[in-house]
Amino acid sequence: MAKIIETQDLAVAFAEGDGHNIIFRHLNVSVEKGEFVTLVGVSGAGKSTLLRVIADLIPPYEGSVKLDAAHDPTRRPIAMVFQAALLMPWRKVGDNISLGLDGIDVPAAVKKERVEWTLELVGLAGYEDRWPYQLSGGQRQRIGIARALAVDPAILLMDEPFGALDAITRTGLQDELLRIWQETHKSILFVTHDIEEAVYLGDRVLLLGDKPAHIVNEYHINVDRDQRRESEQFLLMVDEVKAGLLAAMALSNGSG
Amino acid sequence: MKSSTRYFLSAVGLVGFLLIWEGIARSGLFATYLLPPPSTIPAALISEIREGIWQVMVVASLRHYSVGFVLGSVLGVGLGVMVALFPRIEAGQAWLARVLRPIPPLAWIPFAIIWFGITETAAAFIISIGIFWINYFTAMGAVQAVDKDLIEVARAFGHRSFPALLRKVILPGAAPGILSGLRAGLGQGWMTVVAAELFGIQGIGQRMIEASGLLASNVVILYMFSIALLYGVSDYVFVLVQKRILAWQR
C-alpha cells in the first residue's frame with residue numbers, strides 16, 4: 001500500500017538561549033493510505049510535536065515530511081483534532097465547523113451541506129446555531145472532530161482528542177470515531193496516553209521512546225475490531241504494549 | 001433575593017436619601033445656598049429649559065465629550081492592540097508609557113490652552129487623554145491574553161496570514177476586554193468633561209461655575225444630576241450594545 005505520510009530523518013528543535021533544544025532527531029514514521037495508526041510513548045518524547053510538524057505548524061529542524069495527498073482546491077490535505085476541543089467561543093457551532101472551509105474554494109451551498117453532513121456524522125444534527133458554551137465536553141469534542149472532517153482531509157491528525165473526557169463519553173466517542181473512519185476512509189494518526197485506547201483503535205500502534213526520541217517498537221493489531229474490547233487476544237496485546245512502554249521509560253530514566 | 005424586592009429596596013434607598021436631604025435643608029440649620037432642598041430642583045430645571053440654557057449646555061458638553069471619547073478610544077484601542085502584537089514596539093513604549101501615564105488629564109489643561117486656545121478642541125483633547133490611557137492598557141492586556149491555542153487552531157485550518165489571524169482570532173478574542181475598556185472610558189470621560197469646561201469652554205461645567213458664582217446652588221445641583229443622568233443613559237445603551245456583541249458569552 002502507498003504511504004500517505006512519511007517522515008524522513010525528521011528532527012525538531014526549539015531555539016533556547018544561544019543554542020537549540022532538540023526534541024527529537026532521525027525520526028522515521030509512516031502511515032499508509034486508509035490506515036489507522038496510534039502513537040503512544042514516554043511523555044515528553046514529542047508526540048504532539050510530531051503531529052504539529054506533519055501539520056506544518058512547526059518547521060522541521062532537519063529532515064522532511066512527505067505527504068502523498070493530491071492537490072484539490074475544495075479540500076485540505078490535513079486536518080487536526082486537538083486535546084481540548086478548542087472551539088472559537090465567539091462562533092456558533094456551524095461557524096466553528098466551517099472554520100477550515102472559509103479559505104477554500106467551495107461555494108456557500110456546499111459549505112452548508114458539509115456542515116450539516118459532518119454534524120450528522122458526529123451525531124449532533126441540528127446544532128448549527130448553538131454557542132459552544134451551551135455544549136457538554138463530549139459534544140464540544142465532537143464538534144472539534146466535525147470541524148476537521150468538514151474540510152474532507154485525506155489525513156486526520158488527532159492529539160489526545162479524548163484525553164480530557166470521562167470514561168463513558170470516551171468509550172462512546174472511540175466507537176463513533178471507528179465508525180466514521182470506516183465510512184470516510186481517512187488515514188489517521190492518533191496520539192494517546194491510553195494504551196488500551198491505542199490498541200483498541202489502531203491497525204498499528206507505534207511506541208515512541210525518548211533520548212533521543214525514536215520508534216522503539218511497532219505492534220500490528222491483528223484482532224478483529226468487534227472482538228477488541230473483551231477478547232483475551234486484545235488484553236494480551238495491551239499487556240505487551242504496556243510492557244514495551246515500561247521498558248522504554250526505564251531506559252529513558254536510566255540514561256537521563 | 002427576588003428582583004422585585006431588590007427594585008423596591010433600591011427605590012426606598014433613593015427616596016429615603018432625598019427625604020432626609022429635604023428635611024435637613026428645610027430645618028433652617030443651613031442657609032439655602034449651602035444646601036438647597038431637592039424639591040427646588042425641578043423648578044430650576046424648568047426655568048433653565050425655558051430659557052434654552054440647559055439644552056445648549058448639554059449639547060455643548062455632549063459634543064466635546066463625543067469627540068474626546070471617539071478620539072481617545074480609537075487611538076487607545078488602536079495603539080494598545082498594536083503594542084500587544086509587536087514585542088519590539090511593546091519594549092519601546094514600556095518606559096515612555098510609565099512616564100506619561102501617571103500625568104492626570106487635568107494637568108494637560110495649560111498645554112491644551114496654549115495649543116488650542118479656549119476652544120472645544122481643547123476640551124475634547126483633555127477628555128480624550130484619560131480615555132486614551134484606559135483603552136490603551138485594557139486593549140493591550142486583552143490582546144496579550146488571547147488564547148494562543150486558538151491561534152494555532154486557526155493556523156491549522158488554513159488561516160495563516162496576519163490579517164486573517166487578526167480578524168478570525170485576535171480581535172474577537174480580545175473583544176470582551178476591549179469593550180470593558182471602552183465602557184470604563186465612557187465613565188472616565190464624564191469625570192473630566194466638567195473640569196475641562198471650568199476654564200470657560202461652553203458646557204455644563206461652565207454653567208455650574210457661573211451658577212455657583214450667583215449662589216444659585218439648586219442650579220449647580222441640577223447640572224450635577226444632569227451629568228449623572230447622561231452618564232447613566234450612555235452606560236445603559238453601551239451595555240445593551242455590549243451584550244449583543246458578546247452574545248457568545250455565558
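**Sheet and chain contact**

Author: Strand 6 of chain A is covered on both faces: Ile78(A) and Met80(A) on one side, and Ala79(A) and Val81(A) on the other, are all buried. Buried takes 20 or more other C-beta atoms within 10 Å of a residue's own, with C-beta atoms placed from the backbone. Strands are DSSP runs of E, at least two residues, and helices are runs of H or I, at least four, numbered from the N terminus.

Author: This is a predicted model, where local features need pLDDT of at least 70 and side-chain atom pairs 80 or more, while totals for chains, interfaces and linings use all residues. Residues count from 1 along each chain as written, with chains lettered from A and ligands numbered from 1 in written order.

Reader: How does strand 6 of chain A pair with strand 7 of chain A?

Author: Parallel, over 4 bridges; pairing takes at least two DSSP bridges between the strands. Val81(A) has Met158(A) as its bridge partner in strand 7 of chain A.

Reader: And what's the strand order in the open sheet?

Author: 6-7-8-4-9-10 in chain A, with mixed pairing across 6 strands. Strand 6 (78-81) and strand 10 (214-220) are the edges, each pairing on one side only.

Reader: In which sense do strand 9 and strand 10 of chain A pair?

Author: Antiparallel, over 6 bridges. Arg204(A) stands opposite His220(A) there.

Reader: Switching topic: how many residues does each chain put into the contact?

Author: Chain B gives 12 and chain A gives 15, contact being C-beta atoms, placed from the backbone, within 7 Å. Helix 7 (residues 148-156) of chain B gives the most to chain B's side, 6 residues.

Technical notes. A residue is buried if 20 or more other C-beta atoms lie within 10 Å of its own, exposed if 12 or fewer, and partly exposed in between; C-beta atoms are placed from the backbone. Two residues are in contact if their C-beta atoms, placed from the backbone, lie within 7 Å.
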